[in-house]
Amino acid sequence: MSASTATAIRFDLSIPDSVRPPQLERVVEFESARWLPSLLADLRSLEARGRNIDGIGDLRVANTTADNVRRLLTVISAAPLPEPRLAPFSGGGVALICSIGGRELTFTAYPDNRDFIYSDSDENDEIVADGVLTLEQPNRLAELITSFLSR
Amino acid sequence: MEFANPPVAETSLGFYFQKIEGWNVLHQGALWERFRSRYSEYEFLPPIMEIPSQPNAGLDLASIPIRVGFTDNTKTQLVQMQDGFLLHNWRKTPEIREYPRYEAVNPELQQDWSTFRAYLHERSLKGPVVTRCQMDYFNHLVRGEEWQDFSDLSNLFTVWNGFRQPTAGDGELQMVSFSFSYRLKSGTVNVVVQPAIRKSDGKEIIQFTLSSSMAPKSSEDKALFACLDECHDNAAVAFLDFTTAQARERWKQK
């Protein structure tokens, strides 16, 4: 399904498909999205070998931040989003960016914080929506993704 | 076989049976009253759905599949029930990390099963016709603790000899998963080794699922629990077969 045909679909991100009955603990398999193994490898690389660049800052991603991003990935890997990319920034944080044309949906994770800052911007870099999100708000997250895909 | 630090995160044991004639969603709530003294909490779980054999068959609103877990106050012991199975699960929690072992969990299931049977009898429902006894172990091998990259899998699993890392450029394996099933003289063992992300903490894990199942000779309690003992024995042998001595040493086999 292409992103442009997703207009009428509202994603239920609350129940993962990959729980193997009768298992209780929820896990998301690497194979749940074709891009997931590669993105996880990139994230590991930023954790282990992120660069400290003079004049720019330390771009290593903290372990706790990476764990938090992986928690986010367990949810958004179920949605038909385009392959996200990672953008680390100084101080141990990282942004996860999904782009369609000139539009971007960004989730930013900061060290020692389990919340995410999200922003949805249009082709002119104008912010359409932004705010704070937790993973305990699957309905809000589903609305955000639906809105981004359907514009 | 005993380990000081086993990788098990969750176990499940119990019985799968034919749908019980006359069972409906109201029984599920009434059954909880019988379990409530031992399992004071409950949680609804995604039902295990079967593919309908008759796609056009009407939906029977009285028997919508509901899978519910009755949970004790530690959240580690749980009986999960849906029309078609009753299972007892143990799961690791941050507070209680030690697996109590089969010998301790099995009597819990015996009590659960006895409560369930008594309920059916009181309501004049037929006793369950059990088609399968099953024991599942869900083991979590955390990256950075048990393994670093996928080339380490051959240090954990005897059945995986691995292959050399790609030599093109500085490539590395991004993912490995495998599964297999084999039939024993009695019963079947299924093994799935699959990388995953654990939702609760975002850790990358290898989920090593070992399932041992068997059809019982009858649905009498004695036969069922003897069958479950065999499932457990098969699982123990399979665990020894499929894991390396190096891994078991790490888990501190006693």
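These legends walk through several close-up views of a predicted model.

**View 1. Chain B as a whole, with five helices and nine strands.**
Let us start with the overall layout. Read from the N terminus, the elements of chain B follow the order β-α-β-β-β-β-α-β-α-β-β-β-α-α. The radius of gyration of chain B is 20 Å, close to the 18 Å that the globule rule gives for 254 residues, so the chain is as compact as a globular protein of that length. The C-alpha trace of chain B spans about 65 × 45 × 40 Å along its principal axes. Among the 254 residues of chain B, 33% count as buried. Of the contacts in chain B with a separation of 6 or more, 68% are between residues 24 or more positions apart.

**View 2**
Eight residues of domain 1 of chain B are in contact with 10 residues of domain 2 of chain B. On the domain 1 side, β1 and α4 of chain B are the elements that give two or more residues. Strand β1(B) gives the most to that side, with four residues. By type, the residues on the domain 1 side divide into four nonpolar, three polar and one charged.

**View 2. Helix α4 of chain B, residues 221-242.**
At 1.5 Å a residue, the 22 residues of α4(B) should span 32 Å, and the 31 Å between its end C-alpha atoms agrees with this. Which residues of α4(B) are buried? They are B:Leu224, B:Cys227, B:Leu228, B:Cys231, B:His232, B:Asn234, B:Ala235 and B:Phe239. Seen down the axis of α4(B), these buried residues fall within an arc of 165°, so they line one face of the helix. The face turned away from the buried side of α4(B) carries the exposed residues B:Lys222 and B:Asp241. As for partners, the buried residues of α4(B) pack against β1 (8-17), α2 (102-122), β6 (130-142), β8 (188-198) and β9 (204-214) of chain B.

**View 3. B:Glu43 in strand β2 of chain B.**
Strand β2(B) covers residues 41-45, and B:Glu43 sits within this strand. B:Glu43 counts as partly exposed because 13 C-beta neighbours lie inside 10 Å. Leaving aside neighbours within four places in sequence, B:Glu43 is in contact with B:Gly69 and B:Thr71. For a sense of distance, B:Glu43 and B:Arg250 are 207 residues apart in sequence and 35 Å apart in space, C-alpha to C-alpha.

Most residues other than glycine have a negative phi. A:Asp125 lies in the loop between β7 (116-121) and β8 (127-133) of chain A. Is A:Asp125 buried or exposed? With 9 C-beta neighbours inside 10 Å, A:Asp125 counts as exposed. The loop between α2 and β6 of chain B holds B:Ser124. B:Ser124 is exposed, with 7 other C-beta atoms within 10 Å.

Key
Residues are numbered from 1 along each chain as its sequence is written. Chains are lettered from A and ligands numbered from 1 in the order in which they are written. This is a predicted model: local features need pLDDT of at least 70, side-chain atom pairs count only at pLDDT 80 or more; totals for chains, interfaces and linings use all residues. The radius of gyration is taken over C-alpha atoms; the globule rule is 2.2 Å times the number of residues to the power 0.38. A residue is buried if 20 or more other C-beta atoms lie within 10 Å of its own, exposed if 12 or fewer, and partly exposed in between; C-beta atoms are placed from the backbone. Two residues are in contact if their C-beta atoms, placed from the backbone, lie within 7 Å. The expected span of a helix is 1.5 Å times one less than its number of residues. The arc is that of the directions from the helix axis to the C-beta atoms. Ala, Val, Leu, Ile, Met, Phe, Trp, Tyr, Cys and Pro count as nonpolar, Asp, Glu, Lys and Arg as charged, and the others, Gly among them, as polar.
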